[in-house]
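Good morning, and thank you for joining this group meeting.

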Amino acid sequence: MFKDTALSTLEKHELYISRCLQLAKQGTYAALPNPSVGAVIVHNDKIIGEGFTSAYGGPHAEPNAIASVKNPELLKESTLYVSLEPCSHFGKTPPCADLVIEKKIPKVVIGTIDPFAKVCGRGIEKMREAGIEVIVGILEKKCQESNKRFFTFHQNKRPYIILKWAQTADGFIAPNTQVDNRPFWISNNYSKQLVHKWRSEEMAFLVGTNTALKDNPSLTTRDWYGKDPVRVYLDRTGKVTQPNALLDGVAKTICITTNNDLVSTDKVVYAYADFSTNLPQQICDILYQHNILSVVIEGGTTTLDAFINCGLWDEARIFVAQHNLGDGVKAPQVPSSNNTVQHRILNDTLNIVKR
Ligand SMILES: NC(=O)C1=CN([C@@H]2O[C@H](COP(=O)(O)OP(=O)(O)OC[C@H]3O[C@@H](n4cnc5c(N)ncnc54)[C@H](OP(=O)(O)O)[C@@H]3O)[C@@H](O)[C@H]2O)C=CC1
Ligand SMILES: Nc1c(N[C@@H]2O[C@H](COP(=O)(O)O)[C@@H](O)[C@H]2O)[nH]c(=O)[nH]c1=O
Ligand SMILES: [Zn+2]
C-alpha cells in the first residue's frame, strides 16, 4: 500500500512488474519449454493476488494469480500486472486473455509482448477488443531477459547457447594423453555439483566426438536433484560404440552424424548433418526441431571453438582452477566482454561472460 505516495504512475508500473519478475523466477526451469511468467493483481494500490507459471502443462501465472484473490468481486476494479503478454491460444490450458475478459478485469499492464507465433500480439488485441485498457512495454528488456531461453528460441529459431568448460590457471582443459574412459578433472567438487545443478536446469548438454571417446561421459544429473538433460554428441563417422555411457539409454540421447542410414533406437536418436559446412548452425536447426530451448556445449575445445568462431553463443561459464598443467589441450577463448561476472567457488574462479 502506498501511503502519501510520491511514486509516479510509471514508477508504480515498474514496481509491480518487478514483483512479477521476482515471482516468475520461481518457475523458470520447471515451466520449460514454456516461459515462466509472474502476475500481480492490484486494487487501490494494494496487491490482492499473485501467481507464477506452474510446472510445464499446469496453469499459467494469470489463473494462479486470479485464484489467489480472496474477494473475486474486487477483480472488476483491479489492474492485472503480468511480465509477459497473456496467451490467446489453446495449448495445454485455455487462453489466459479469455479468463481476464471473463473476470472483467478493466486494466492490464504487460512487461513484454509474447514472441511465440501463436500469440504475438493476439492476446493484447483480444483484450483491447473487449474494452480492456492495455499498457505494454514496462521493464521490457528485463522481462525478455527473464525468459531468455524462450525469447532466443522463438526470435532466433535456435536454443539459448551456453558454452562451458573448466581450465587450469595456465589455460588447458586436459592433458595431451589421459587415462582412457575417464575425464581429467580440473575443477573442484563444489564446481562439479554446480554443473549438475545446471544439468537439471538446461534442456540439453552437448559434447564433441573426442570428448565422447576419451571421457566416456554420462552427462546425467547425479550430484543434484532433478531431471537429466537431453544428451547430444557429435559422431561424424560412427566412432562412438557400445559400451560408451552415452549409449546406455538412461536419458534421451541425440547423435549428430553424416550417416544417413542409421535408424533411431530407444537409446539413440540419429540426426543428419553435413560436417563440411557450418556445423554449429545445423546443430541449432536440429535442436530447434527437437524443441530444445537451451543447450550447454560442454566441450572439448574443437567443438567450443566451432561455436565461438561463428558467433553462435549467448553465454560462457568458465571455471578456472588455481593449478597449472604446463601442456595439454588448449582451452578456448571467448572475446572479452564488459558483461562478465566473477564468482569464487572455494579455490576455483567461475567467470560468467555474456555476449
Ligand atoms: N575441462 C573441460 O571442461 C573439458 C575437457 N574436455 C577434454 O577435451 C578433450 C577433447 O577436446 P577436442 O580434442 O578439442 O575434441 P572435441 O571433443 O571437441 O571433439 C572434436 C571432434 O569432433 C569432430 N568434429 C568434426 N567436425 C567438427 C566440427 N565442425 N566441430 C567440432 N567437432 C567436429 C571431429 O572428429 P571426427 O574427425 O571424428 O569427425 C573432431 O576431431 C578431451 O581430452 C576431453 O577430456 C572436454 C570437455 C570439457
Ligand atoms: N574435466 C572437467 C569437466 N569435464 C566435462 O564433464 C564431462 C563428464 O561428465 P560426467 O561423466 O557426467 O561426470 C566430460 O566429458 C566433460 O565434458 N567438467 C568440469 O566441470 N570440470 C572438469 O574439470
Ligand atoms: Zn496463458
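Let us begin with ligand 2: α8 (189-201), α9 (209-215) and β12 (294-299) each supply at least two residues of the shell around it. Here helices (H or I, at least four residues) and strands (E, at least two) are DSSP runs, numbered from the N terminus. Please note that this is a predicted model, in which local features need pLDDT of at least 70 and side-chain atom pairs count only at pLDDT 80 or more, while totals for chains, interfaces and linings use all residues. Residues are numbered from 1 along each chain as its sequence is written, and chains are lettered from A and ligands numbered from 1 in the order in which they are written.

How many residues surround ligand 2? There are 19, and the closest are Ala166, Ile186, Asp215, Pro217 and Glu298; a residue is near a molecule if its C-beta atom, placed from the backbone, lies within 6 Å of it. Helix α8 gives the largest share of this shell, three residues.

I turn now to an open sheet of five strands, with mixed pairing and the order β2-β1-β3-β4-β5; two strands pair if DSSP finds at least two bridges between them. Because β2 (46-52) and β5 (133-136) stand at the edges with a single partner strand each, one side of each is left without a neighbour in the sheet. From one strand to the next, the twist averages 15°. Such angles run from 0 to 180 degrees between N-to-C directions, with axes fitted to C-alpha atoms, for helices over the stretch in contact.

Strand β1 (residues 38-43) runs antiparallel to β2, and six bridges join the two. Within this pair, Ala39 has Gly51 of β2 as its bridge partner. Helix α1 (residues 9-25) packs on the sheet, and its direction makes about 140° with that of β1.

Finally, strand β16 (residues 348-354) is joined antiparallel to β13 (residues 315-320) by six bridges, with Val320 opposite Thr349. Six bridges also join β16 to β15 (residues 340-345), again antiparallel, and His343 stands opposite Leu350. Strands β15 and β16 form a hairpin with two residues between them, where Leu346 in the turn has a positive phi of about 55°.

Key. Two residues are in contact if their C-beta atoms, placed from the backbone, lie within 7 Å.
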